[in-house]
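Hi there,

Here's the structure I promised to pass on. Have a look at it first, and then read my notes below.

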Amino acid sequence: MSTSSPSSSTSKSAVPALAALAAALVGIAIAFAFYVAPEDADQGISQRIFYFHVPIALTAYACFAWGAVKGLLLLWRKDERYDLESYVAIHQGTIFGSLTLLTGSIWAKASWGHWWLWSENQLVLFLVLFLFYSAYFMLRFSIEEGPRRANISAVYALFGVVLIPVSFLAIRLAENIIHPTVFTRDGPQMSGVMFLTFCIAWLAMSVLAYALYRLELLGKRLDSNLRELRELLT
Amino acid sequence: MSYLGDVATLARKDLRLELRARDTLPAMLLFVVSTLVVFHFALPEGADEVAAQGLLWVALVFTALLGLARAWAPERESGALEGLVLAPCDRSAIWLGKAAAVFAFLSSVELVALPAFALFFGSVDAATVAGVVLASIGICAVGTLLAAMAAASRTRELVLPLLFLPLAIPLVVGGVGASVSSEPARYLAFLALYDAIFSILCWASFEYVVSE
Amino acid sequence: MSQGEYVAAAYGVVFVALLVYVAIIAAKLARLERETAELAELARTRHADV
């Protein structure tokens, strides 16, 4: 089994720096979200949830896309290293996806008084994706480790990324046949400062996700190195 | 042998096996009718016909799952999947042949299910039939590949529904929309789009699902 | 709950999730420390035998 980590033992890992950067950006984003950005005229203070809810959602999509890219690379280049990277990316995506559902639910309760709204297309999409990617883990952990599992995981990751737009379209179409909604929402009209806050929060979430991704990869590679070491010693 | 010739041979083999064994098809038929009867009791008093239309799709999806669980059983039981994979045909032909056979089974079941539904719940119009046909293509294409993935798993009967249902959601939306909405064409077009996109994806990726 | 409290709850959820993550990493680190200590012991005895 190849222990394919791009950094040798003498080079420093980027993870601590990434984590520090993520911490700084998240701090700045929170400061902007609460102190700099003006209060929204229509929605009031609950609109501030959006500054994190939407970036978290976008970051989740990015993680799933990254996982699919790594999966494609695995199928194409057949380098085992991509399997772990794809898995960790999808794992991060699922975590951020769960946070999307949680923050979205709180926002729905704050704005409309219900913990769940079938009319919120983004929330419904994330629910479907959450089901899909949860099944990814069920599948992966019921197959023996090896190239077969890597291939199957990669193909499933590709299906996921195709499912995202198809599901979105389906949910849009479903709006007309599932109970017509009383709640309509206009997207928040964002002023310049609001948009800046949103961008900072988005950058913060992206860097955070990347830092967590690299951190998890580090941990998993460490695990496999130790396993190999143990096999060599016993 | 030509590509389509391979596909036809593989599909014919499955149909012949089922005609001899006669285990999957009768079970699916009985299942779908039983499910429809259960739905009658599950619908509360005063539930409208529109709700019943939705239940048709639930019945179809779960009946398809029943059939898909057995889709690769002949290959699994005789260890033939490894042999097929080594055979000189394109591996995507294996998927296409199997999906075609599953489609034939599902269609036979639908030939009974739709009249039964019409009998129990009210009429079935042309848009519904078109929706059923288009959705079945998607179900068989995606389901066959997912069943092959599940076949590699320790918990195959458990994991197949988990894999299949999220991907079936757009099909249900399309199908119910075609039955219920005043503009079925939009939903039928969506079903066709789903079928095209996912069939291509399945066709291209099947060989990776079965190979090491 | 007032609107402001919901906002706090949303941010709080994200924060708690992060803390949970830190806890998981900490547990993993502890386990890795134990494993490397074991392996170091194994290597030492191997080295002594050789």
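Arg22(B) counts as exposed because it has 10 other C-beta atoms within 10 Å, and the cut-off for exposed is 12 or fewer. Keep in mind that this is a predicted model. You'll find Arg22(B) in chain B, in the loop between helix H1 (3–21) and helix H2 (24–42). Its backbone is worth a look too: phi of Arg22(B) is near 50 degrees, which is a positive value in a residue other than glycine.

Now hop over to chain A and look for Lys78(A). This one sits in the loop between H2 and helix H3 (81–112) of chain A, just after H2(A). Phi of Lys78(A) is positive as well, near 60 degrees, and again the residue is not glycine. Is Lys78(A) buried or exposed? It has 11 C-beta neighbours inside 10 Å, so it counts as exposed.

Last, how the chains meet. Two pairs of chains touch, and the pair with the most contacts is A and B. Chains B and C, on the other hand, do not touch: their nearest C-alpha atoms are 26 Å apart.

Definitions and conventions. Residues are numbered from 1 along each chain as its sequence is written. Chains are lettered from A and ligands numbered from 1 in the order in which they are written. This is a predicted model: local features need pLDDT of at least 70, side-chain atom pairs count only at pLDDT 80 or more; totals for chains, interfaces and linings use all residues. Helices (H or I, at least four residues) and strands (E, at least two) are DSSP runs, numbered from the N terminus. A residue is buried if 20 or more other C-beta atoms lie within 10 Å of its own, exposed if 12 or fewer, and partly exposed in between; C-beta atoms are placed from the backbone. Two residues are in contact if their C-beta atoms, placed from the backbone, lie within 7 Å.
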